[in-house]
Amino acid sequence: MSPFVRAQVSGRCTVVVGGQWGDEGKGKIVDVLTAEADVVARYQGGANAGHTVQVGDETFIFHLIPSGILHPGKRCLLGNGVVLDPVQFFKEYEAAEARGVSVEGRVGVSRRAHLLLPYHKLLDRAREGISARKIGTTGRGIGPAYEDKVARRGIRVVDLKDPERARSLLVEGLERTRAKLRELGVEDLGDAESCVEETLALAGRLLALATDVGSEIQQALLAGKKVLLEGAQGTALDIDHGTYPYVTSSNTTAGGAACGAGIGPTWIHEVLGVVKAYITRVGEGPLPTAFPPELDQKVRDLGSEYGATTGRPRRCGWYDGVLARYSSRVNGLTGLAVTKLDVLDTLPEVRIAVAYRTPEGETREFPADTTVLGQVEPVYETLPGWQEPTVGATRLEDLPAKARAYLDRLEEVSETPIRMISVGTRRDQIIRVG
Ligand code: IMP
């Protein structure tokens, strides 16, 4: 049988996506799955992501380099769909090496990936500073970098091969941004002024890592290897499927994995959706199942719900089954990884939103209209809290019966089988199901 018949490919490709508004704990799930994988690739977003991984007593936060780098010998790739900030990338690269992580020879970047430059960050921050309709971005330049990509004036890794052309593209970008900033009343470009020389100085190092990510993934799968595609942010932040305009500027959902890694969808076998046992959101935009203030603060403290990239406090709320079902559909989820169950251990009762009440009546659909989403009233099912620690559990049977009942209902409402449950930040605090 030809090895090129997809169904006969002996490797396995799994996509890990966020099922909510990001910060679901994908970093830990990817870290656990990487132990069994050979290749890990990011496919969208940029340094707006913050993937936190705890190894023993050490905490690592990665913004660009896949968190799989913590596993020796695994190949880590940044696909064409990522917007790559070279300065941030090498900062992370060097910081990891300084902490004893061997990065050399293990990281590859797509030749087709677009560069995110200091002037993108400046524009992002300037707009957020004056806009009457703030998005609450991370200030990492994501929107402006994707704007340049879509407007066909972006600079890709491969463009650095021709220094003169790269210089003129960089100067053009800088001048264009200067004009836009002037319109916003900003005259000082600060650090961004030096980006032309700074980027050109990093060109050689970046080109040495340049590769065809899609081709590497295909070769790995044909050779029977396991590939993980690591999503950043979450479904409700997807540019097409999220709570527009309060979204990021990339396709965070599983469709984006194929496109942003450079493979077709038929190479993908599984899509694992990561969801917290509750929900959080950072930045602007509605959160229908938001807790009342006191519970909000309590869960924020219990779950250390502060942004890994910006340190901003995250808003917290009950598990939203309406969003979970929607997420299951738009991603084609084959399984769920439920994280941070332990954060709910002390609560006397727990709730799951199963529908929304809208002025037009009750709905089980996630509304396309974000204004409507901001007005819905969730219909909750309330279950008793288990009020026992779950942190030591390594099998489903170890969990308190009431915690299992909660997960059973969460699974039904989400219409997706639970495959993993995380009950703490450490690698070993994980339950595999089935
Ligand atoms: P941007 O991606 O920086 O443009 O921000 C757009 C929206 O996405 C804002 O609401 C951010 O708070 C949110 N966002 C971006 N990255 C993350 C993330 O990694 N976790 C959670 N929210 C994020």
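Helix 10 (residues 321-331) is largely enclosed by the rest of the structure, because 10 of its 11 residues are buried. Buried means under 20% relative accessible area, exposed means over 50%, and partly exposed lies in between (1.4 Å probe, protein chains only). Helices (H or I, at least four residues) and strands (E, at least two) are DSSP runs, numbered from the N terminus.

This is a predicted model: local features need pLDDT of at least 70, side-chain atom pairs count only at pLDDT 80 or more, and totals for chains, interfaces and linings use all residues. Residues are numbered from 1 along each chain as its sequence is written, and side-chain values use heavy atoms, with hydrogens and water left out.

**Helix 10**

The buried residues of helix 10 include Leu 323, Arg 325 and Tyr 326. At the start of the helix, a side-chain oxygen of Asp 320 comes to within 3.0 Å of the backbone nitrogen of Val 322. Just after the helix, Gly 332 has a positive phi of about 60 degrees.

**Aromatic rings**

A pair of aromatic rings is described by the distance of the centres and the angle of the planes. Rings of Phe, Tyr and Trp (its six-membered ring) pair if their centres lie within 6.5 Å; planes under 30 degrees apart are stacked, over 60 edge-to-face, and the rest tilted. The whole structure holds 8 aromatic pairs. Two of them are listed here.

| Pair | Centre distance | Plane angle | Type |
|---|---|---|---|
| Phe 90 and Tyr 93 | 6.0 Å | 55 degrees | tilted |
| Tyr 356 and Phe 366 | 6.4 Å | 50 degrees | tilted |

Phe 90 and Tyr 93 both belong to helix 2 (residues 86-98), 3 residues apart, about one turn of the helix. Phe 90 is buried at 4% relative accessibility, and Tyr 93 is buried at 7%. Ring pairs join Phe 89, Phe 90 and Tyr 93 in a cluster.

Tyr 356 is in strand 16 (residues 349-358), while Phe 366 is in the loop between strand 17 (361-363) and helix 11 (370-373), so this pair ties together parts 10 residues apart in sequence. Both Tyr 356 and Phe 366 are buried.

Charges meet rings too. A charge sits over a ring if NZ of Lys or CZ of Arg is within 6 Å of the ring centre and within 35 degrees of the ring normal. The charged end of Arg 99 sits over the ring of Phe 60, 4.0 Å from its centre. Arg 351 lies over the face of Tyr 380, 5.5 Å from the ring centre.

**Cysteines**

How many disulfides are there? The count is 0, where a disulfide is a pair of cysteine sulfur atoms within 2.5 Å. Cys 76 has its nearest cysteine sulfur, that of Cys 13, 15 Å away. Cys 76 is buried, at 0% relative accessibility. Cys 259 is exposed, at 58%.

How values were computed
Polar contact = N/O pair within 3.5 Å; in protein donor to acceptor, adjacent residues only side chain to side chain.
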